[in-house]
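Please read the following note alongside the chain and its coordinates.

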Amino acid sequence: MLRPLRLAVAAAAALAAGLTVHNAAAQEVIRVGNLKLAHFAGVSYVKEIASSCGITVDLKIFAKGPDIMQAMLAGELDVGATASEAAISARGNGAPVYIVGGFAKGGARLLATPESGIKSAADLKGKKVGVTRGSIQEVLLGAEMAKHGLKAKDVNLIYLGYPDLNQALLQKQVDAIMQTEPQSAQAIARGFGVEVVKPYDTPVGTPIRTLVMTEKFYTEHAPAAAKFMACFVKAQKTFMDEPKTAEKFVTQEVFKGQVTPAEFQEALANSPYTLEMSADHIQKTTDVMAEHGIGKMAKPAKAADWVKLDLLETAKSAAGAK
């Protein structure tokens, strides 16, 4: 009597194991690269709700957008969240990637030390100015300076990572910085930085952060790509409709208490979550980058050829999102 019972138990265990393997296979693992920034948090939130979308997300955090593009080129990521300049530069050098959506607007501020006397970009001539190399902030800095007849040689550019920019401003190692969020909000709240301008009055306009997919994932894994975009829209819509959910996730989960709710709100005011994206915006940004020699593109790509918004529009329609 014991032997049949043991066989029955073994058979049941084998069946359960088989079902587990089948379910795991059904939920394709989607590898996503993101940055640790307030306005990028909606992309990280996809991982939190992935199971409800029938997908599994392997999330990796990078220091800057170009690092994400390198990981995508190396076949280590399927999806990446970057500012537009990283994607544009990569595509301009032949990278097989598509822009498939947008997730945040703005997210840049020119800050100066309180005693610098800098009131506009025109006052940057001869000053030490910090910026992150290859970032959308560098693109905007170049465009803002051009409005006032300044070129890169007219200022002392110092290239630093986002956290290091705040330290340099705090210690007065630079006179001004073009910074992202929430770091610029923190600099203002803590008194060592004053806002000079939000640089949205150039041909770039208000920059939109980009969601990028490899061509291989977009074409060869279409069902998984569609599921991911549906989950992305769900996450973004949650943050747009429920600001307190976004605040809690960013302050407690992403920054582990290093960003206060007040600093988050100030950052969000300058970098709201969105689902906007257009080929026209990417083309204008490409043109400015080419004009100022940012990105070192072999051949700037035409936005209409690689901005693919069909998955986004389908997901937005299904979710009733704008």
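1. Throughout this note, contact means heavy atoms within 4.5 Å. Leaving aside neighbours within four places in sequence, Val155 is in contact with Leu124, Lys125, Gly126, Lys127, Val129 and Met145. Val155 lies in the loop between helix H5 (136-147) and strand S7 (156-159), where helices (H or I, at least four residues) and strands (E, at least two) are DSSP runs numbered from the N terminus. The C-alpha atoms of Val155 and Gly126 are separated by 4.8 Å, although the two are 29 residues apart along the chain.

2. Is Val155 buried or exposed? Val155 is buried, because its relative accessible area is 9%, and buried means under 20% relative accessible area, exposed over 50% and partly exposed in between (1.4 Å probe, protein chains only).

3. As to provenance, this is a predicted model, in which local features need pLDDT of at least 70 and side-chain atom pairs count only at pLDDT 80 or more, while totals for chains, interfaces and linings use all residues. Residues are numbered from 1 along each chain as its sequence is written, and side-chain values use heavy atoms, with hydrogens and water left out.

4. The average pLDDT (the predictor's confidence in each residue, from 0 to 100) is 91 for the protein, and 92% of the residues score at least 70. Over residues 1-25, however, pLDDT stays under 50, and for this stretch the model has zero contacts beyond four places in sequence.

5. Not counting residues up to four places away in sequence, Phe228 touches Ile30, Val32, Val46, Ile55, Val57, Val79, Leu211 and Met213. Val46 belongs to the buried residues of H2, which also include Ala41, Tyr45 and Ile49; in helix H2 (residues 41-49), seven of the nine residues are buried.

6. Helices H10 (residues 243-254) and H11 (residues 261-270) meet through Pro243, Ala246, Glu247, Val250 and Thr251 in H10 and Pro261, Phe264 and Gln265 in H11.
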